[in-house]
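Biologist: Could you walk me through this model, starting with the packing and then a few single residues?

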Amino acid sequence: MKRILALVLAAALIVAVFAGCSGKKSGGSDANKASDKPLVVGYSNFSSKFSPFFAETAYDQDVATMTSVALLDIDRQGAVVEKGKTGETRPYNGKDYKYNGLADLTITTNKDGTVDYDFDLRDDVTFSDGEKLTADDVIFSMYVLSDPTYDGSSTFFAQPIKGMEEYRSGMDTLFNLITAAGRDNKDFSKWDEETQKALWADLDQASEKYAQQIVDFCIAEGYNKEGDSVAACAANWGYELKADATAKDFFDEMLKAYDGDYATLSSTEIDGTDLTSLFDLMEGYDKYTKGIETGKSAANIAGIQKTGDYSLKVTLTEVDATAIYNLGVTVAPLHYYGDKAKYDYANNKFGFDKGDLSTVRAKTTEPMGAGPYKFQKFENGTIYFESNDKYFKGAPKTKNLQFKESNDKDKLNGVATGTIDITDPSYSQDTAKAICAQNSNGEVTGDKITTDTVDNLGYGYLGISAKAVNVKGEAGSDASKNLRKAFATIFSVYRDVTVDSYYGDGASVINYPISNTSWAAPQKTDADYAVAFSKDADGKDIYTSDMNQDAKAEAALKATLGFFEKAGYTVKDGKVTAAPEGAKMEYEVWIPADGSGDHPSFMMLNLAKDALAKIGIKLNVKDLADSSELWTAIEADQVPMWCAAWGATPDPDMYQVYYSGIGTKNEPGGSNYMYDIADKELDKLILDARKSMDQSYRKQMYKSCLDIIVDWAVEVPVYQRQNAIIFSTERVKMDTVTPDITTYYNWYAEIENIELN
């Protein structure tokens, strides 16, 4: 359940389209805009962490985005714009678009293997209070994100920046040190006994509240009934407790699962909800975030150098193609979030005392920057913004902006009745029909409501564990691959009918384990593009162009039987009669379909189950009411096959999911524990692609990676769904909305141009 919620969070203002009706944008009228009429956007609940450094939810991050500018921007295809200051024109969807940003970037690979990122900033950008934005503000922002006590969501400090490790060493937070020392600690050389007792008392109180809010959430959301025990609610959250367990017992069990890591527990367990973090529940948590020296450290980060009033250089110790996405930090005003009196670059002073981010944390609820809008207040569930007339891309055409908290069921109604202009209702077929009913043309885009759809940043798949599905325990053997290809082939033939039945026009079948949103995704026009698992055990095409679905299913089953035979199964009279060593006649596939079959891949599994039964193989479909069971069981190597969805990032780096780390300390690496791939060639290709800045070369490397993954048959790519956002066609002048909205270039990318009718 909590992982489903996390996916909901990550979607922010984009949601899945399941409907079959369709339509294109319609332009608004040319009526003069009312200068004071607010543009109202319907949002899910905020957590009041509107800081560019400490925002946790996507909704809070959007608030910070309205008031801020980033060092680097990305284009409609998710590629970084490297000439923002100069202006850069790039094609998309048959049109040329010019991108302007804060800085020009020059990347230089040095002979010693280090890489320089030189940033040349515009000199005409001011923050909303009139102060100029300079290189000092960028450096201040980078040092906040690099501080040893920084505990926000940014991973800037994890980049291979020269001198970063030396700067962050020798210091830890008071919280981390005390909790690591334990309750019985008697060494008070770095803190006193009173502080230690106070922290544990605050933490115990917060821990119980943290667990209790999860219990209350489960009941409020209908996962449990009113009056259910803590143990019953914990079970729905993925934890097994004694019947008389208390909220404290619940928290202790969670802490045990995270090996005592309070920070990871706090963020992970409530990820995707509007529940309060553990640290926000602590009385005076900020006083425990202060850094305590534990050893020696560098006075500065050698790889961050100021080269002029409006320029700086960041040096990486190695080539890392993914780092560029983390270097484009949000530039926060030093004079607002820090202390100008504590900034002296030449003397290693960067706007705050190292290990003390109290001045930065103090501004968490009131963001300020150089973005298109100025934050005014958060009151009665509505965030009020006013246009920043000093915005370097031009003052917004709509003076007032509001982000309004709205229940999901009220979002569509809000657009229909005129209280909301833009929002993101959860899209079901019923919701889509309701939108169609609002428009006189009976489509999802018409005179009342405009629906804009883009591919989701992620994709649905069926996973197969090489550790659980193999012959003789040899996961990478030809026999084992043929066994997995047998299942993959029969699953694949039912993808089209399944996806069409569940999503209609709101999704499409994909043939490679990568989101269509990625620039590295193979295209149907590519010469070597292939339909997944469409060749038999002899390498011949399974299907012909004149086959209907029934004929394809019959051909796929014949090919499946051939793969079983090549895997070492005994086949007689068109049926499998015996399995080879280490393989089985019966396998199980898990699917988190709420116990009711509500999942995009559910039909595919049952059709495959019926087909396999005809040739003597039994497939058991395990429909989970509690999705958390799936991930716990996968981690315990208890799931042979399963259905789920991957989230994606703008860069298609495959290290986290597919790198095995053979012969290294990372074996197996990343999320590869799910698949248990062990392929040296795949590892080399992934690392080679990471070490190149050439996108065409990287695309070639990733295509080879995808071919290897498909050959291992550990992942069957199933569907690419779409997301959507709806606009009031009556109130929003649609021809002023950001054109060609994409997964990476969302509706507010050019919010300064949006006008109301």
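This is a predicted model: local features need pLDDT of at least 70, side-chain atom pairs count only at pLDDT 80 or more; totals for chains, interfaces and linings use all residues.

Biologist: Fine. Which residues of the largest nonpolar core touch the most other members?

Modeller: Those are Phe53 and Tyr117, in a core of 53 residues, where a nonpolar core is a set of buried Ala, Val, Leu, Ile, Met, Phe, Trp, Tyr and Cys residues joined through side-chain atoms within 4.5 Å. Buried here means under 20% relative accessible area, exposed means over 50%, and partly exposed is in between, with a 1.4 Å probe and protein chains only.

Biologist: And which elements give two or more residues to this core?

Modeller: The contributors are β7 (103-109), β8 (115-121), α3 (135-146), α4 (164-168), β12 (311-316), α10 (324-327) and α11 (334-337), and α3 gives the most, with 8 residues. Helices (H or I, at least four residues) and strands (E, at least two) are DSSP runs, numbered from the N terminus.

Biologist: What does Tyr117 touch?

Modeller: Not counting residues up to four places away in sequence, Tyr117 touches a set that includes Leu105, Ile107, Leu312, Val314, Ile324, Leu327 and Met693, with contact meaning heavy atoms within 4.5 Å. There is also a second, separate core of 51 residues, which includes Leu462, Tyr494, Val509 and Ala553.

Biologist: Switching to helix pairs, how do α5 and α6 cross?

Modeller: The axes of α5 (residues 174-181) and α6 (residues 193-220) come within 11 Å and cross at roughly 90 degrees, the axes being lines fitted to C-alpha atoms, for helices over the stretch in contact, with angles running from 0 to 180 degrees between N-to-C directions. The two helices are therefore roughly perpendicular, on a scale where angles under 35 degrees count as roughly parallel, over 145 as roughly antiparallel, 65 to 115 as roughly perpendicular and the rest as oblique. On the α5 side the contact is made by Leu174, Phe175, Ile178 and Thr179, and on the α6 side by Thr195, Gln196, Leu199, Trp200 and Leu203.

Biologist: What about α8 and α9, at what angle do they pack?

Modeller: Helix α8 (residues 247-257) packs on α9 (residues 262-269) at an angle of about 110 degrees, with the axes 9 Å apart, and that makes this pair roughly perpendicular too. Phe251, Met254 and Leu255 of α8 meet Tyr262, Leu265 and Glu269 of α9.

Biologist: Glu269 in there, is that buried or exposed?

Modeller: Glu269 counts as buried, at 0% relative accessibility. Its side chain makes polar contacts with the side chain of Trp237 at 2.8 Å and with that of Tyr258 at 2.7 Å; a polar contact is a pair of N or O atoms within 3.5 Å, where within protein one must be able to donate a hydrogen and the other to accept it, and residues adjacent in sequence count only if both atoms are side-chain atoms.

Biologist: Where is Thr149, and what is its polar partner?

Modeller: Thr149 is found in the loop between α3 and α4 and is buried, with a relative accessible area of 2%. Its side chain makes a polar contact with the side chain of Asp147 at 2.5 Å.

Biologist: Last one, which residues of α21 are buried?

Modeller: In α21 (residues 680-690), Leu682, Asp683, Leu685, Ile686 and Ala689 are buried. Seen down the axis, they fall within an arc of 165 degrees, so they line one face of the helix; the arc is that of the directions from the helix axis to the C-beta atoms. The face turned away from that buried side carries the exposed residues Lys680, Glu681 and Lys684, while the buried residues pack against α20 (655-658) and α22 (695-712). At the start of α21, a side-chain oxygen of Asp679 reaches to within 3.1 Å of the backbone nitrogen of Glu681.

Notes:
Residues are numbered from 1 along each chain as its sequence is written. Side-chain values use heavy atoms; hydrogens and water are left out.
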